[in-house]
Amino acid sequence: MKAVLDHIGIAVKDLSAALAFYRDALGLEVEAPEEVTSQRVRAHFVPVGESKLELLEATTSESSIARYVDKRGPGLHHITLRVDDIDAAVAQLRSRGVRMIDEQPRPGAEGSTIAFIHPSSAHGVLVELKQSTIPNQSAIRNPQSTIQRFPLGELELISLSDGFLRMDGGWMFGIVPKAQWSVVAPADDRNRVTLGMRPLIVRGARTMIIDAGLGRKGDASFDDTYGVDHRYDLDRAMADARLAAEDIDIVLASHLDFDHAGGFTVRDASGRLRPRFPRAQYIVRRGEWEDATHVNSQNAARYQADNYKPLAEAGVLQLVDDDVTIMPGVRVKRTGGHSTHHQVVMIESGGKSAAFAADLIPTTVHVTESWIPALDLYPMDTLAAKRAFNEDAVAREVLVFFYHDPFVAAGYIREEDGNRRVMPA
Ligand SMILES: [Zn+2]
């Protein structure tokens, strides 16, 4: 069995005294607390490298933590080991006569599955086993350099990040019940789920960026509404990739929603809007441009003229009509669905294929056919386009880039027993 230390739980009696030690004296960073209502505890995570300390504070006197502290005083409470396959782990332990508190794994917090081993079998230590369906949440809690390079034949693909934003879970998952989606995408207290924004660099004959994140033009109220997290952003990602704004020859838009086109323009010191990439041609599908410049009540909130009108004024806008080749190996393909002229980008080189799925499959969990955002204007078109995209991606082993996935930049779509899932690259 392969296991890694996930965290160490510490029962705390006096939280402010504990913070005075762990946060102030040791100088560790303490994350915002999480309420675990079912256990009547509040958990304060303290990241220490790949693992964490978990300061556990009882919220009522009925809490098992309160009883523990009453009986034994504050101190080490449990250790948690993360395993890949908890069913196999529990079966192995039981076959060796290990006494389990949980004979069968049961649901834990944030979509995890857990099982406790009795301290009598673990030499006096309460051991929790945990298998998480959600990748390591610390990518969201502590965003840092997330650039990833993928060679593809003659081309180099570089996945960048413009931080995170939050969108209503209902918007993102459409007809899927919250009981289902919240297991893989936990909602915050305003029902929002965290999404990444991952512009993609394609380096070949020329240097292209596909979509450019949210940019920095939002005011405080916008940033609050969308939970904008720019502790790590596209400027830093480009610097980490050793790219300057001047290096970009082509900016390609999948569509013009603010979370994709917001980074196309910047406000200069005098307050004027200008293209962010000073040497680039900006390529937009003509139908998308028409829609974004003639909004209606259904799409007005997503199209914000400050993100693209300045491109036309600066003379750097190029409109394309069909599924055309933008530069050698890079071709756009209209999908519709999300918006009438939403497009994905197909990339080919040296016999290998990649695709930028944009909002056709915004996150890895959206590979499931019925998981279609309520934001999509034409969900049945999304369904048809996604089915065709998935079949092609499975058959040709296409490396798929997921713009909005908070954890996974790219992966391969696999099909098993009629179910599709993503194997991260
Ligand atoms: Zn989007």
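This is a predicted model: local features need pLDDT of at least 70, side-chain atom pairs count only at pLDDT 80 or more; totals for chains, interfaces and linings use all residues.
Along its principal axes, the C-alpha trace spans about 75 × 55 × 40 Å. The secondary structure comprises 12 helices and 26 strands. Buried residues make up 48% of the 425 residues.

**Nonpolar cores**

The largest nonpolar core contains 41 residues, and the members that touch the most others are Leu157, Val202, Met208, Ile210, Ile347 and Phe401. A second, separate core has 28 residues, including Ala212, Leu234, Ala241 and Ile248. For Met208, the contacts beyond four places in sequence are Leu200, Ile201, Val202, Ile250, Leu252, Ile326, Met327 and Val330.

**Helix H10**

Helix H10 covers residues 286-293, and its buried residues are Gly287, Glu288, Trp289 and Ala292. The elements that cover these buried positions include strand S18 (281-285), helix H11 (309-313) and strand S19 (317-320).

**The second largest pocket**

The second largest pocket holds about 310 Å³ of space. Its lining consists of 19 residues, of which Met167, Trp171, Asp257, Arg302 and Leu375 are the closest to the centre. By class, the lining divides into 12 nonpolar, three polar and four charged residues. Helix H5 (169-173) and helix H9 (258-261) each contribute at least two residues to this lining.

**Individual residues**

| Residue | Relative accessibility | Class |
|---|---|---|
| His77 | 16% | buried |
| Ala358 | 0% | buried |
| Glu397 | 46% | partly exposed |
| Ala425 | 47% | partly exposed |

His77 lies in strand S5, which runs over residues 75-83. With a relative accessibility of 16%, His77 counts as buried because the cut-off for that class is under 20%. Leaving out residues up to four places away in sequence, His77 touches Gly9, Ile10, Ala11, Leu56, Ile65, Tyr68 and Leu126.

Most residues other than glycine have a negative phi. Ala358, by contrast, has a positive phi near 45°. Ala358 is placed in the loop between strand S23 (352-356) and helix H12 (379-396), and its relative accessibility of 0% makes it buried. Glu397 also has a positive phi, of about 55°, although it is not a glycine. The position of Glu397 is in the loop between H12 and strand S24 (399-401). Glu397 is partly exposed, with a relative accessible area of 46%.

Ala425 is located in the segment after strand S26 (419-424). Its relative accessibility of 47% falls between the cut-offs of 20% and 50%, so Ala425 counts as partly exposed. The C-alpha atoms of Ala425 and Gly411 are separated by 4.4 Å, while the two residues are 14 residues apart along the chain. Gly411 is also one of the residues that Ala425 touches; the others, not counting residues up to four places away in sequence, are Gln148, Phe150, Leu399, Ala410 and Tyr412.

Methods. Residues are numbered from 1 along each chain as its sequence is written. Side-chain values use heavy atoms; hydrogens and water are left out. On a 1 Å grid over the protein atoms alone, a cavity is a set of points where a 1.4 Å probe fits but cannot get out, and a pocket is an open set with protein on both sides within 12 Å along at least five of seven lines; lining residues have an atom within 4 Å of a point. Grid points are joined across faces, edges and corners, and a volume is the space filled by probe spheres set on the points. Helices (H or I, at least four residues) and strands (E, at least two) are DSSP runs, numbered from the N terminus. Ala, Val, Leu, Ile, Met, Phe, Trp, Tyr, Cys and Pro count as nonpolar, Asp, Glu, Lys and Arg as charged, and the others, Gly among them, as polar. Buried means under 20% relative accessible area, exposed over 50%, partly exposed in between (1.4 Å probe, protein chains only). Contact means heavy atoms within 4.5 Å. A nonpolar core is a set of buried Ala, Val, Leu, Ile, Met, Phe, Trp, Tyr and Cys residues joined through side-chain atoms within 4.5 Å.
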